[in-house]
There are 2 protein chains.
Amino acid sequence: MRVLIRGVAVIPKPEVGVIPKADVVIEGRRYAAVVVGEEVSGPFDKIVEGEGKLLIPGLVNAHTHLAMTLFRGLAQDRPLMDWLEKEVWPREKKLTGEIVRWFSLLGLVEMIRCGTTAFADMYFFMEEVGEAVEKAGVRALLSYGIIAPTPERIEPELKKAESFVREWDGEAEGRIRAAFSPHAPYTCGPEVWKRTVSLAKELRVPIHTHLSETKEEVERFRAKEGRSPVEWLEELGVFGVHTLAAHGVHLSEKDIEILAAHNVHVAHCPTSNLKLACGIAPVVEMLRTGVNVCLGTDGAGSAGDLNMVEEMRLAALLAKVKTGDPQALPAAEALGLATWRGAAALGWGKELGTIEPGRRADGVIIRLDRAHLLPNYDLLANLVYAAQGSEVETVFVDGHFLLLEGEMQTLDEEEILGRCRELAKKFK
Amino acid sequence: MRVLIRGVAVIPKPEVGVIPKADVVIEGRRYAAVVVGEEVSGPFDKIVEGEGKLLIPGLVNAHTHLAMTLFRGLAQDRPLMDWLEKEVWPREKKLTGEIVRWFSLLGLVEMIRCGTTAFADMYFFMEEVGEAVEKAGVRALLSYGIIAPTPERIEPELKKAESFVREWDGEAEGRIRAAFSPHAPYTCGPEVWKRTVSLAKELRVPIHTHLSETKEEVERFRAKEGRSPVEWLEELGVFGVHTLAAHGVHLSEKDIEILAAHNVHVAHCPTSNLKLACGIAPVVEMLRTGVNVCLGTDGAGSAGDLNMVEEMRLAALLAKVKTGDPQALPAAEALGLATWRGAAALGWGKELGTIEPGRRADGVIIRLDRAHLLPNYDLLANLVYAAQGSEVETVFVDGHFLLLEGEMQTLDEEEILGRCRELAKKFK
């Protein structure tokens, strides 16, 4: 399959900026060429007209709980523990594989329509999530969330996590990778972490966890363990494995140095962190120290949506008010967080994240004929500071189209919306 | 003209929440009835099907500089003064009435498409803005921005401002009201303020200004005048006039008490305040003290866009991180900021802002058949935490349709986008 995207504006990677007009050639699963000012020679199996549109690398949502779309809008504006204990956990007991599948599909429709091509997910019934991902055609790092508050929970939880990794890592023609996910340092003891680390090393997969999300959590942890969660994980040898840690809101200078030294990837989740009043992560400081910071939405239950265009904008805006510097995290860097840095965090750094010959053909085409995207002095700035997500018109992964000129290609959107509407009634 | 919006979900005002299904009747320029569980009797000149959609009061953008869409995306991520001095001001010297008209129309297309039905604007060439507003069919409080750094500028500036008010207040069948806009306490001396106050009293119009936007501005003002800008304006008697003040980021407790005591309306502009690294306004504290806080986008040149749905969400999110309380500014209050509080701030508090019989028929119909708006446990929470703005399908003001099922009714969108594309080339 040879595809031409003709006469499109392209941001191949953030530091290159905008190429106003190019022909982009895809061969099979990879980008073959970005041609400017020359004829490209066919034949092509498919030609997509790019005139007046913008092509960017696929967006990477580096932290979510996909099926929690089930809880969107449920008992909002509540304190986290109150919301979890009274609303979410009792309902999660009623979860079934079927529910997780349909609400994962709902989340996938939402994500694809806003330009997300890859994501990292941690939840339950992960086989169902895997099947949804396979069907949708996106790319994902999937993991079963291990929570072992009592010793007798350790074996069954590890077994579930291990069998998921053994079964799913590398599936869907390599679009799915698996990880281990001890939920957090405060919900899993040293035994879980040590055994996870040796399993992750044995099976050569990453760890995806939550880290230092709230002030209270970090303070309680320090009071109990005499060190920060980051220091504690380092001592346990966790960071010897490729680690993706979500949030990183409350970090000391020393924590940030440890994360940088061990190449830990931090998924900044700005909407969720604001909504739950957790705080604003020190993104600029982490980047300056050498931490690879990427972006995630967190679950739609807490964050409201799975819109990475919004997360980019919010990351760029918050960095400015956090540092007091309007030059902090400019648009190009915000796009980097959402693309190549996310790809690296999910373990696809050499394969994805930019539009260059030889890289996997994951990309997003955005309509520019919208009042809020004019003038076009700087399409990159407009993308970060003005686009909504709904301008996404075409999305492809590995050269396959998931959304084409506004039409879903791999999923039956109407059926998914209808089923989710019905199924949600039981959870109100 | 008698219009029926049939079988629609309605949020008549935030504290009522969502009525799942109602028939809404408009007679002429006003809402006539919101009917639940009963037949409504015709005939109707027009029936809009509301099944699966949500009707909310029109959104009010209480602070913008509409024609600054011309500067969207221009030299972004720069310090404010650097951006103004090197980029904006030299280009503003090249402004003409024609430029202001077309880029006002561009901003109007953007605003209408995101559900804004009324706004407060302060800029130059305001006659052209007035004509654009008249044509578009929206509602606006318009004012010429007075900047008088030297004494000889006072007379011509006041003359311009006064003639605009005399000519335009009450125009477009009352949809346009005019105001006086001394730009800010630090750009206009006591003479300007005093003369403006007596003119505003004489002509019975409000004042719309900028107030305490940056820390440096407030500190410099205090050093020079020995009091805060708010105290200074109070002493000058400005607050004897209905005042709409944009920003209010850096306010003392005493300032907030003064604003509350004099019923000063504060337009919170969260995106702009983050993007320029100004800070986060004390919205919850102001509301608690009794200040009427509303919402604005500020100009698209600094803020990136004119999307009030995003401003609602951002206001709700920032209030939580500012106070450390996830219950702060819940969704219903955020919607209040964007609707009835904005209407009150613009001087239409008794006429607009809610969907009730006798009120002006300004409203917005939103499509709900979107993955990111499901499930529908709480449409109000989904509106604030998940909607993008692009779901807005129908918009009406005074019972006249400006956007109908996705089609602009009063403006030639294609022509406007085309002209603005051309005209912008001179400003790159």
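This short talk covers two interfaces: chain A against chain B, and domain 1 against domain 2 within chain A.

First, the ground rules. This is a predicted model, where local features need pLDDT of at least 70, side-chain atom pairs count only at pLDDT 80 or more, and totals for chains, interfaces and linings use all residues. Residues are numbered from 1 along each chain as its sequence is written, chains are lettered from A and ligands numbered from 1 in the order written, and side-chain values use heavy atoms, with hydrogens and water left out.

Let's start with the chains. 63 residues of chain A are in contact with 62 residues of chain B. Contact here means heavy atoms within 4.5 Å. The buried area between the two chains is about 4800 Å², and carbon and sulfur atoms give 65% of that. Buried area is the accessible area, with a 1.4 Å probe, that two parts lose on being put together, summed over both.

Now the charges. There are 4 salt bridges between chain A and chain B. That term means a side-chain nitrogen of Lys or Arg within 4 Å of a carboxyl oxygen of Asp or Glu. Glu310(A) makes a salt bridge with Arg313(B), with the closest N and O atoms 2.6 Å apart.

Which helix gives the most to this side of chain A? H12(A) does, with 7 residues. Helices are DSSP runs of H or I, at least four residues, and strands are runs of E, at least two, numbered from the N terminus. By class, the side of chain A that touches chain B has 33 nonpolar, 15 polar and 15 charged residues. Nonpolar means Ala, Val, Leu, Ile, Met, Phe, Trp, Tyr, Cys and Pro; charged means Asp, Glu, Lys and Arg; the others, Gly among them, are polar.

Next, inside chain A. Domain 1 is 2-57 + 361-408, and domain 2 is 59-345. Those bounds come from an automatic or database domain assignment. The C-alpha centres of the two domains lie 29 Å apart. 26 residues of domain 1 are in contact with 29 of domain 2. About 2200 Å² is buried between them, 64% of it from carbon and sulfur atoms. Pro14(A), Val384(A) and Tyr385(A) supply 26% of what domain 1 buries against domain 2, more than any other three residues.

This domain interface has 3 salt bridges. Glu173(A) and Arg29(A) meet in a salt bridge at 3.0 Å, N to O. H15(A) gives the most to the domain 1 side, with 5 residues.
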